[in-house]
Amino acid sequence: MKISVYHTPESTPANTIPECAIVIDVLRATTTIGTALDNGAKSVQAFSDIDLLLAESDKLPLESRLRLGERGGKKVDSCDLGNSPLDCSSEVVKDKQLFISTTNGTRSLQRVQSAKTVIAAAIINYGAVVNYLKEHKPATVWLLGSGWEGGYSLEDTVCAGAIASELVNLSNLDEIGNDEVISAIALYRQWEDNLLGLFHLCSHGQRLLKLNLDDDLKYCANKNIISTFPLQSQKGIFTIHN
Ligand code: MLT
């Protein structure tokens, strides 16, 4: 397994795709998608464009769908919910088909949707993703952060580091795809016992705190509270992997 870390979809190399792409948007898209599927949602379809989301979800009866939309951390008016994992309780999402569009996370998912395997990972479930990678051993793996509007974000890189630290042997150069893997592991090792503290420091954490979303930050910082993860079953559509 050769593992590379990319901080944003914009920083990935053009015209190439890994065998396995792990998309990370800890605050909050991949945490929300993972939570919704774990709580019984049938599927989650990701869109970078809200109008496309509205058109596609219109094909389903109201009672079997839910629309989740976020821009700048806030709920999009035309949607049922924003992007809070805490809104995705089993009472709300069970047996529903979800449609989601967020500022950055859904663009990352779109960038790698043609990879053979696409997984959405977060702090709440990265252990299950590590186990899957150890079992399936894809030849090339990208740990792809979502960042914020093209820029780096600490919370995605620390999650990439959590995954890489369990898979990469730093004395085996064949496993290290780029320098970013080494820096992600170093970041994780510095903050692994205080992820919530890191989320309070980082710029998107600050943005969410200004919107009084402290509880979202706390939830997103919980390591491995679920043992499932979202796996792409058709382009852009995620279902649960147990
Ligand atoms: C994103 O896609 O940028 C995020 O998930 C934003 C958020 O809702 O916190």
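Modeller: Let us start with Asn39, which is found in the loop between helix 1 (29-38) and strand 3 (43-46). Keep in mind that this is a predicted model.

Biologist: Why is Asn39 called partly exposed?

Modeller: Its relative accessible area is 25%. Buried means under 20%, and exposed means over 50%. The value for Asn39 lies in between, so Asn39 is partly exposed.

Biologist: How far is Asn39 from Gly145, in sequence and in space?

Modeller: Asn39 and Gly145 are 106 residues apart in sequence. In space they are 24 Å apart, C-alpha to C-alpha.

Biologist: What makes helix 1 mostly covered?

Modeller: Count its residues. Nine of the ten in helix 1 are buried. Among them are Ala29, Thr30, Ile33 and Leu37. Just after helix 1, Gly40 takes a positive phi of about 105°.

Biologist: Is Ser101 buried or exposed, and how do you know?

Modeller: Ser101 has a relative accessible area of 0%. The cut-off for buried is under 20%, so Ser101 is buried. Ser101 is found in strand 6 (residues 97-101).

Biologist: What makes the link between Ser101 and Arg71 a polar contact?

Modeller: The distance is one part of the test. The contact between the side chains of Ser101 and Arg71 is 2.8 Å. The limit is 3.5 Å, and one atom must be able to donate a hydrogen while the other accepts it. So this pair counts as a polar contact. Ser101 also has a side-chain polar atom 3.4 Å from the backbone oxygen of Ser48.

Biologist: Now the rings. How many aromatic pairs are there?

Modeller: The count comes to four aromatic pairs. One of them is Tyr126 with Tyr188, 6.5 Å centre to centre, with 70° between the planes.

Biologist: Why is the pair of Tyr126 and Tyr188 called edge-to-face?

Modeller: The centres must lie within 6.5 Å, and planes over 60 degrees apart count as edge-to-face. This pair has 6.5 Å and 70°, so Tyr126 and Tyr188 are edge-to-face. The pair links distant parts of the chain, from Tyr126 in helix 5 (residues 126-136) to Tyr188 in helix 7 (residues 179-191), 62 residues apart. Both Tyr126 and Tyr188 are buried.

Biologist: What makes Tyr132 and Phe229 an edge-to-face pair?

Modeller: Their centres are 5.5 Å apart, and the angle between the planes is 80°. That angle is over 60 degrees, so the pair is edge-to-face. Tyr132 is in helix 5 and Phe229 in strand 9 (residues 229-234), 97 residues apart. Both Tyr132 and Phe229 are buried. Helix 5 is followed by Lys137, whose phi is positive, near 45°.

Biologist: How do you know that the charged end of Arg207 sits over the ring of Trp148?

Modeller: The charged end of Arg207 is 3.9 Å from the ring centre of Trp148. The limit is 6 Å, within 35 degrees of the ring normal, so Arg207 meets the rule.

Biologist: Trp148 leads me to the cavity. Which residues lie nearest the centre of the largest cavity?

Modeller: They are Asp25, Leu27, Arg28, Trp148 and His204, out of 14 lining residues. The lining divides into two nonpolar, eight polar and four charged residues. The volume of this cavity is about 80 Å³.

Biologist: How many cavities of 30 Å³ or more does the search find?

Modeller: A search of the whole structure finds one.

Key. Residues are numbered from 1 along each chain as its sequence is written. Side-chain values use heavy atoms; hydrogens and water are left out. On a 1 Å grid over the protein atoms alone, a cavity is a set of points where a 1.4 Å probe fits but cannot get out, and a pocket is an open set with protein on both sides within 12 Å along at least five of seven lines; lining residues have an atom within 4 Å of a point. Grid points are joined across faces, edges and corners, and a volume is the space filled by probe spheres set on the points. Ala, Val, Leu, Ile, Met, Phe, Trp, Tyr, Cys and Pro count as nonpolar, Asp, Glu, Lys and Arg as charged, and the others, Gly among them, as polar. Rings of Phe, Tyr and Trp (its six-membered ring) pair if their centres lie within 6.5 Å; planes under 30 degrees apart count as stacked, over 60 as edge-to-face and the rest as tilted. Helices (H or I, at least four residues) and strands (E, at least two) are DSSP runs, numbered from the N terminus. Buried means under 20% relative accessible area, exposed over 50%, partly exposed in between (1.4 Å probe, protein chains only).
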